[in-house]
Amino acid sequence: MPDWSRRLHRYRFRSVWLLNASPTVVYAVLERAEAYPQWWPQVREVTPLDDRSGTARFRSLLPYDLTVVASERVRDPGAGVLEMTMRGDLAGWARWTVVPGAGGTRAVFEQDVEVCKPLLRRFALLGRPLFLVNHALMMRSGRRGLAAWLARG
C-alpha cells in the first residue's frame with residue numbers, strides 16, 4: 001500500500017479525562033469492557049469471545065457502525081495501563097493510562113488505527129474532518145457517561 005494511502009486512512013487520537021474518583025475505581029470500570037454500553041452510549045455492543053478478547057460495535061453521530069475484534073495486549077493495574085489491539089473496521093491499538101490527578105483520576109485514552117471499512121476509506125479525503133468531529137463527540141460523551149456512572153457510586 002502506498003505511504004500516502006496509509007496516512008490518509010490512519011488516525012491518532014489522544015483524549016484526557018479528569019474524573020472525580022480514585023484511579024483504582026476508574027481502572028476497575030475501564031477494564032470491564034463488556035459494561036461500556038451501560039455508560040458509553042456510542043459503544044453499542046460488546047460481546048466477549050474469551051477472557052482476553054471480544055467484539056465491539058461503535059456508532060456515534062454519523063450514520064455508520066464500526067465493528068472490531070479487540071484483544072488484550074496489556075493489563076497492568078499497578079501501572080494503570082489497559083491496552084488492546086484491534087482488527088476489523090479499524091486495525092491498530094488503543095490504550096488507557098489511569099493515574100492520580102487533580103483530586104481524582106487522570107485517564108488518558110490513546111489510539112492509533114487505520115480505517116479498514118471500505119465505505120470510510122472511499123470517503124477518506126472529504127470525510128476526514130467529519131470523522132474527526134464524530135470521534136471527538138464520541139469521546140466527550142464517553143467522558144460524561146463515565147463521570148455520571150462513577151458519581152452513582
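Mentor: Buried means under 20% relative accessible area, exposed over 50% and partly exposed in between, with a 1.4 Å probe and protein chains only. This is a predicted model, in which local features need pLDDT of at least 70 and side-chain atom pairs count only at pLDDT 80 or more, while totals for chains, interfaces and linings use all residues. Residues are numbered from 1 along each chain as its sequence is written, and side-chain values use heavy atoms, with hydrogens and water left out.

Trainee: Is Y11 buried or exposed?

Mentor: The relative accessible area of Y11 is 4%. Because buried means under 20%, Y11 is buried.

Trainee: How many aromatic pairs are there, and what kind do Y11 and F13 form?

Mentor: Rings of Phe, Tyr and Trp (its six-membered ring) pair if their centres lie within 6.5 Å, and planes under 30 degrees apart count as stacked, over 60 as edge-to-face and the rest as tilted. The count by this rule comes to 8 aromatic pairs. For Y11 and F13 the centres are 5.8 Å apart with 10 degrees between the planes, and the pair is stacked.

Trainee: Why is the pair of W17 and W96 edge-to-face?

Mentor: The ring centres of W17 and W96 are 4.9 Å apart, and the pair is edge-to-face because the planes stand at 65 degrees.

Trainee: Which residues are linked with W17 into a cluster by ring pairs?

Mentor: Both W17 and W96 are buried. Ring pairs link W17 into a cluster with Y36, W39, W40, W96 and F109.
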